[in-house]
Amino acid sequence: MYLMCLLGNLIILILVCLASKLHTPMYFFLCNLSVLDIIYVSVISPKLMDIMITKDTSISNSQCFFQLFLYVFCVGSEFFLLTSMAYDRYVAICIPLHYVAICQPLVYHNIMNKSTCWGLVFGTYFSSFLASITHTFTVFKFPLCGSHEIDHFYCDIPPLLKLTCAHSYIRKLVVFSMAFVMGVVSFFGILMSYVLIIYNILRIHSADGRRKAFSTCTSHLTVVITFYCTVFGIYLQPSMGLNSDGMDKVFSIFYTVASPLLNPIIYSFKNAEVKRAIMHILGRRKILAHT
């Protein structure tokens, strides 16, 4: 699954670079999502495979620190990047005259211009970096009490907080603040975008027009629902004092391995534009081979 995840996301990156028709804001954000998924899955899976093969379940403090930092950075970046992609869909459907032509090679005009797209991506990474630094140092600042065994297969905030000596209220507050700032705020941003999108789609008189408009959002909605449901399932349970009974590990497996694997399939390989781009590139390679 790890190798398939790497291959799928690398194919997306190569395809978007080679196909000029995919040089649009939507696929610009998708390339960044693929890069995040590659880092995301590489933070967790190699160490997990090493544990399964060698049976050595130990991890140093420095390794745990950097694993947590990169993990929180990737999760936060994916939250904000999915929000940026929702805004992109809002502009494309609700304000189409201020969007860009599909064949425009990364020279955007009007609202979704080049500076806007890069600004959204830079803001995503910068905000996630600050959040990751804050949460990582906050967790490792607490002294450990008793056992140093992490009840998880990677260094995550809730299982690490269970080992600290601080009051349980502080632990819940840290977890809840991360879920709220990095999740709930971005979720409401996506929700507001889709409220306006659905409102504008319903105003389209043609049934075929409504279907085509909504079809451009289905892939993004599928990714959002699967990602947010699993992440909220992890972080809202301890913040609300609920007993997860091991379900946090089940959710974690899904969004640390399965989600990065499914994203290229959901978002691109079922997309007609991607299929046409693949056929165009393969056809061009055949012509070059014959000549």
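This is a predicted model: local features need pLDDT of at least 70, side-chain atom pairs count only at pLDDT 80 or more; totals for chains, interfaces and linings use all residues.

Reader: Why is H220 called buried?

Author: Buried means under 20% relative accessible area, exposed over 50%, and partly exposed in between, with a 1.4 Å probe and protein chains only. H220 has 0% relative accessibility and therefore counts as buried. H220 lies in helix α7, residues 207-239, and, leaving aside neighbours within four places in sequence, H220 is in contact (heavy atoms within 4.5 Å) with L82, M85, A86, I190, Y194 and Y267.

Reader: What makes D88 and R89 a salt bridge?

Author: The term requires a side-chain nitrogen of Lys or Arg within 4 Å of a carboxyl oxygen of Asp or Glu. For D88 and R89 the N to O distance is 3.0 Å, so the pair meets that definition. D88, with a relative accessible area of 1%, is buried, and R89, at 6%, is buried as well.

Reader: How many salt bridges does a search of the whole structure find?

Author: The search finds three. Another of them joins D208 and R211 at 2.7 Å, N to O; because these residues are three apart in helix α7, about one helical turn separates them. D208 has a relative accessible area of 36% and so is partly exposed.

Reader: How do you know that K47 and D50 form a salt bridge?

Author: Their closest N and O atoms are 3.8 Å apart, which is within 4 Å, so the pair qualifies. K47 and D50 both lie in helix α2, three residues apart, about one turn of the helix, and D50, at 32% relative accessibility, counts as partly exposed.

Reader: Where does α2 bend?

Author: The bend, of about 30 degrees, is at S42, and a proline, P46, follows within four residues. That angle lies between axes fitted to the seven residues ending there and the seven starting there. After α2 comes K55, whose phi is positive, near 65 degrees.

Reader: Why is F129 called partly exposed?

Author: F129 has 38% relative accessibility, and so counts as partly exposed. F129 lies in helix α4, residues 114-141.

Note on methods:
Residues are numbered from 1 along each chain as its sequence is written. Side-chain values use heavy atoms; hydrogens and water are left out. Helices (H or I, at least four residues) and strands (E, at least two) are DSSP runs, numbered from the N terminus.
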